[in-house]
Amino acid sequence: MDVHFSDATPTSVETGLLAIGVSTNDLEALPEYLKSIVGDFGTDLATAASNDSFTAKTAAQLSFATFGRLAAKRVMLVGTGDGSQDSLRQAAGAVGLAARKNNIEDACLHFGAEEISAIIEGIGAGNYKYQPYKNEDSK
């Protein structure tokens, strides 16, 4: 999976998965451009998350297909818990695992955190697949 850094607005990034980190305290306080992501579907992210009982606990996930209404093919809310390095690592790992299981080759993580090393470490661990004895054709 490719990992890139960008200062572009997350909603404008063409990617297979737009993962938005949500802490336990800020589900209602998402930036306006993120709140409107699901607006085309008749609701906003906070309402959609509430309807699906999303609690933003560490590594909790809730995802939506965008059906071409955003540059990203899929949007995922992922809980970052208390925002500690360990919580961010687990949340990024959940994104990496979801991306690998769904054959997503690129993802945009919008965690709003300065703990980049924990996020990179987590996504690498979540996307890891042990396969030393497989030949190239069966990988």
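Arginine 100 is placed in helix H3 of this predicted model. With a relative accessible area of 28%, arginine 100 is partly exposed, because that class lies between the limits of under 20% for buried and over 50% for exposed residues. The C-alpha atom of arginine 100 is separated by 8.0 Å from that of glycine 126, although the two residues stand 26 residues apart along the chain. Between the C-alpha atoms of leucine 97 and glycine 124 the distance in space is 9.1 Å, with a sequence separation of 27 residues.

Helix H3 itself comprises 17 residues, and from its first C-alpha to its last it reaches 24 Å, close to the 24 Å expected at 1.5 Å a residue. The buried residues in H3 are Ser87, Leu88, Ala91, Ala92, Gly93, Ala94, Val95, Gly96, Ala98 and Ala99. An α-helix has 3.6 residues a turn, so residues three or four places apart point the same way. Just after H3, asparagine 103 adopts a positive phi of about 55 degrees.

Helix H3, spanning residues 85–101, packs on the sheet and touches E1, E2, E3 and E4. The direction of H3 makes about 155 degrees with that of E3. The sheet is open and consists of four strands in the order E2-E3-E1-E4, with mixed pairing. Its edges are formed by strand E2 (61–65) and strand E4 (107–110), each of which pairs on one side only. From one strand to the next, the twist averages 20 degrees. Within the sheet, strand E1 (residues 17–23) pairs with strand E3 (residues 74–81) in the parallel sense, over six bridges. In this arrangement, serine 23 of the chain is found opposite glycine 81 in E3.

Alanine 59 counts as partly exposed because its relative accessibility is 23%.

For the protein as a whole, four helices and four strands are assigned. Counted from the N terminus, these elements follow the order β-α-α-β-β-α-β-α. Of the 139 residues in the protein, 38% are buried. Among contacts with a separation of 6 or more, 62% are accounted for by residues 24 or more positions apart. The accessible surface of the protein comes to about 8000 Å², and carbon and sulfur atoms contribute 45% of this area.

Technical notes. Residues are numbered from 1 along each chain as its sequence is written. This is a predicted model: local features need pLDDT of at least 70, side-chain atom pairs count only at pLDDT 80 or more; totals for chains, interfaces and linings use all residues. Side-chain values use heavy atoms; hydrogens and water are left out. Two strands pair if DSSP finds at least two bridges between them. Helices (H or I, at least four residues) and strands (E, at least two) are DSSP runs, numbered from the N terminus. Axes are lines fitted to C-alpha atoms, for helices over the stretch in contact, and angles run from 0 to 180 degrees between N-to-C directions. Contact means heavy atoms within 4.5 Å. Buried means under 20% relative accessible area, exposed over 50%, partly exposed in between (1.4 Å probe, protein chains only). Accessible areas come from the Shrake-Rupley method with a 1.4 Å probe; for residues, only the protein chains shown count as cover. The expected span of a helix is 1.5 Å times one less than its number of residues.
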